[in-house]
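I opened my notebook to look up how some strands pair and what lines a pocket. Here is what I was looking at.

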Amino acid sequence: MAKTIPMRWQTLADTPKTVDALKGQYAEINGCSLYYAMGGTGEETVILLHGGMANSDYWGIQAAFLMQYYRVIVVDSRAHGRSSAGDKPLSYNQMTHDIASLMDHLGIARASIIGWSDGGIQSIMLAALFPEKITRIFAYGAHMSLAGLNQNFGGNKVVSSFLERAEEEYHRLSPTPDNFDQFYENVQQLWKWKHDSAFTIDQLSSIHCPAWIVDGDRDEMINRSHLEYLFQHIPDSSFMLLPDTTHFAFIQAPNLFNAALQDFMSVSG
């Protein structure tokens, strides 16, 4: 009997290795030690923001690709990866202000934002709250209220693999490696919008930079109806589904994902 080979959406590819050409460092931002890494020599700046419970290494393939053309910055969100938690509750609003403050710290007037999941949420919030700083946004797998989250994602095999990996990576990277249980609880509260107000239609309608709402056609965590809602209410936005991929398309189908990014970056900001 022939062996059944899993489809790419049924597996979680390895976390990419840290890109050696990205030079990691820390900045004291809003009460936390925020890790970021920067590389590339292009005139335009691109900031990549990862998802909840993850870290900036997940963007390794995309960072290496984009560095050929742009100045690239990857960030470990507060409490994630190599960054400290600080003394404020973990919230989308706080993480969004962290990125705006990091841009000020680095003297970056404007940047394009590529965000996955929680990073995608931050990209949308940045475009609404700091329009003068944002050139364009690529929001992958974002939910702007609890209604956008599939509450049954926990039983999915790919998501379960990610959560197991996230624990190992937290212990290895975090400055507080023994605090995983508290970190996990904080992220669960974050995903349920416990410390944030759900984004309103008026806030979505205030976005006027090029905005792509993107996801995998088999996303386990985000309700597609919510993506369509975002597309409907962000003026002149675009909506894209990547085939045979889930919430983790950037490592499941990196060539496809990079081609989408290349097209996205060609849009005038």
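I began with a definition: two strands pair if DSSP finds at least two bridges between them. I also kept in mind that this is a predicted model.

**Entry: a hairpin**

I looked up strand E1 (residues 23–29) and strand E2 (residues 32–39). They run antiparallel, and 7 bridges join them. Which residue of E2 stands opposite Ile29? I found Cys32 there. Next I checked the turn. The hairpin of E1 and E2 has 2 residues between the strands. Asn30 takes a positive phi near 50° in this hairpin.

**Entry: a parallel pair**

I moved on to strand E7 (residues 211–216) and strand E8 (residues 238–242). They pair in the parallel sense, over 5 bridges. I asked how the chain gets from E7 to E8. It crosses through helix H7 (residues 224–233). I noted that this β-α-β crossover is right-handed.

**Entry: the largest pocket**

I turned to the largest pocket and wrote down a volume of about 270 Å³. Its lining has 18 residues. Which of them are the closest to the centre? I listed Ala79, Ala85, Gln182, Phe183 and Asn186. I also asked which helix gives the most to the lining. Helix H5 (residues 180–191) does, with 4 residues. Last, I sorted the lining by class. I recorded 10 polar, 7 nonpolar and 1 charged residues.

How values were computed:
Residues numbered from 1 in each chain as written. Predicted model: local features only at pLDDT ≥ 70, side-chain atom pairs only at ≥ 80, totals over all residues. Heavy atoms only, no water. Right-handed = clockwise from strand over helix to strand, strands pointing away. 1 Å grid on protein atoms, 1.4 Å probe; cavity = no way out; pocket = protein on both sides within 12 Å on 5 of 7 lines; lining within 4 Å. Points joined across faces, edges and corners; volume = space filled by probe spheres on them. Nonpolar A, V, L, I, M, F, W, Y, C, P; charged D, E, K, R; others polar.
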